[in-house]
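Here is a short briefing for a first look at this protein. Keep the sequence and the structure side by side while reading.

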Amino acid sequence: MVQRRVRAGLLHPRGRGVYAVGHPATWREALFMEAVLGAGAATRLSHNFACEHLGLLPFQAGPPHVLSEVDGPSVRREFIRHRSATLRPQDTIVVRGVPCTSVARSLVDLASFGDVAMLEKAFDRAQLRRVLRIEEVESVLAATTRPRGAVALRRLLALHGACPLTRSELERRFLQVIRRARLPEPLVNLAVRLEGRKVVPDFRWPRHSLVVEVDGAKWHEGPVRSRADRRRDRRLYLLQGWTVLRYGWEEVVGEGALVASEVERGLEVAGRPQVAARRAM
């Protein structure tokens, strides 16, 4: 009966014992469901693929990773299986029809890869989307026996709350440059009022009267926007006695050490007494 329906185009094979009904099912959710169903009962999409499905990471290449409590083949063409004896009901959710691990469990599993940059990206995205629950991550870490990558994840947890959210990949990269150079942590994307207007500096060191703006192409392209940025620098910062530094993508990503040294010098110079009057920010 199955073979007859396959020949008639009513069923489309998607793996061992897995068929799409009436269509070839080539979209991402279909690939994820194929892996989950093919891996057996009580299986969830996990690790970096769960993060992709949850909107925390971009497209992930290769066979999907799945997590289950049952034994079975670890690697197949359709999926890579991980087994865990600590997968709890509260660590699983269903998103757009696909069973997957929760945000907290996905971050803990992702940390086991040892890719700190990928973990930081997913962690920051979870913060930005306001789906990160620190107590849930701590609960998963406590329930998991010696989780790999726990040190890197706990470091991110410690930084959470000490630094506000970044709004772009370029801002995240700049913050990494500052932290690698062990410079003072700035205030990030905190609105202030100057001359009756609300402005949101990218990075601000109030004690040093220093502001850094990072100009991504999405928000700062074109002569009109560039002129507006320069006008804001003059009227809202420089006239108040603040020092403003601006960096683009190429500088932050390709010349991180130089950027860090200039910011460090800016912190030293901007922190000295100046003649210009300053207003509290």
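The loop between β8 (187-188) and β9 (192-194) holds Asn189. Its phi is positive, about 55 degrees, although Asn189 is not a glycine. The model is predicted.

**Positive phi in two loops**
- Asn189 is buried, with a relative accessible area of 15%.
- Ser209 also has a positive phi, near 55 degrees, and is a residue other than glycine.
- Ser209 lies in the loop between β11 (203-205) and β12 (210-215).
- Ser209 is buried, at a relative accessible area of 5%.

**The protein as a whole**
- The protein has twelve helices and 13 strands.
- Of its 281 residues, 43% count as buried.
- Take the contacts with a separation of 6 or more: residues 24 or more positions apart account for 55% of them.

**Helices α4 and α5**
- Two packed helices are described by the angle between their axes and the distance between the axes.
- Helix α4 covers residues 103-111, and helix α5 covers residues 116-128.
- Their axes come within 9 Å and cross at roughly 165 degrees.
- Angles over 145 degrees count as roughly antiparallel, and α4 and α5 are therefore roughly antiparallel to each other.
- The crossing of α4 and α5 is left-handed.
- On the α4 side, the contact is made by Val103, Leu107, Leu110 and Ala111.
- On the α5 side, Met118, Leu119, Ala122, Phe123 and Ala126 take part.
- The residues of this contact are nine nonpolar, no polar and no charged.

**Nonpolar cores**
- In soluble globular proteins, nonpolar side chains tend to be buried together.
- The largest nonpolar core here has 36 residues.
- Val137 and Leu153 have the most contacts inside this core.
- Elements giving two or more residues to the core are α2 (28-38), α3 (47-53), β7 (98-101), α4, α5, α6 (134-143) and α7 (150-159).
- Helix α4 gives the largest share of this core, six residues.
- Which residues does Leu153 touch, not counting residues up to four places away in sequence? They are Leu107, Val108, Ala111, Leu119, Phe123, Val137 and Leu141.
- Leu107, Ala111, Leu119 and Phe123 also take part in the contact between α4 and α5.
- A second, separate core has 18 residues, including Leu170, Phe174, Leu183 and Val188.

Methods. Residues numbered from 1 in each chain as written. Predicted model: local features only at pLDDT ≥ 70, side-chain atom pairs only at ≥ 80, totals over all residues. Heavy atoms only, no water. Axes fitted to C-alpha atoms, helices over the stretch in contact; angles between N-to-C directions. Helix = DSSP H or I, 4+ residues; strand = E, 2+ residues; numbered from the N terminus. Parallel < 35°, antiparallel > 145°, perpendicular 65-115°, else oblique. Left-handed = near helix turned anticlockwise from the far one by under 90°. Contact = heavy atoms within 4.5 Å. Nonpolar A, V, L, I, M, F, W, Y, C, P; charged D, E, K, R; others polar. Core = buried A, V, L, I, M, F, W, Y, C linked by side-chain atoms within 4.5 Å. Buried < 20%, exposed > 50% of the residue type's maximum accessible area, 1.4 Å probe, protein only.
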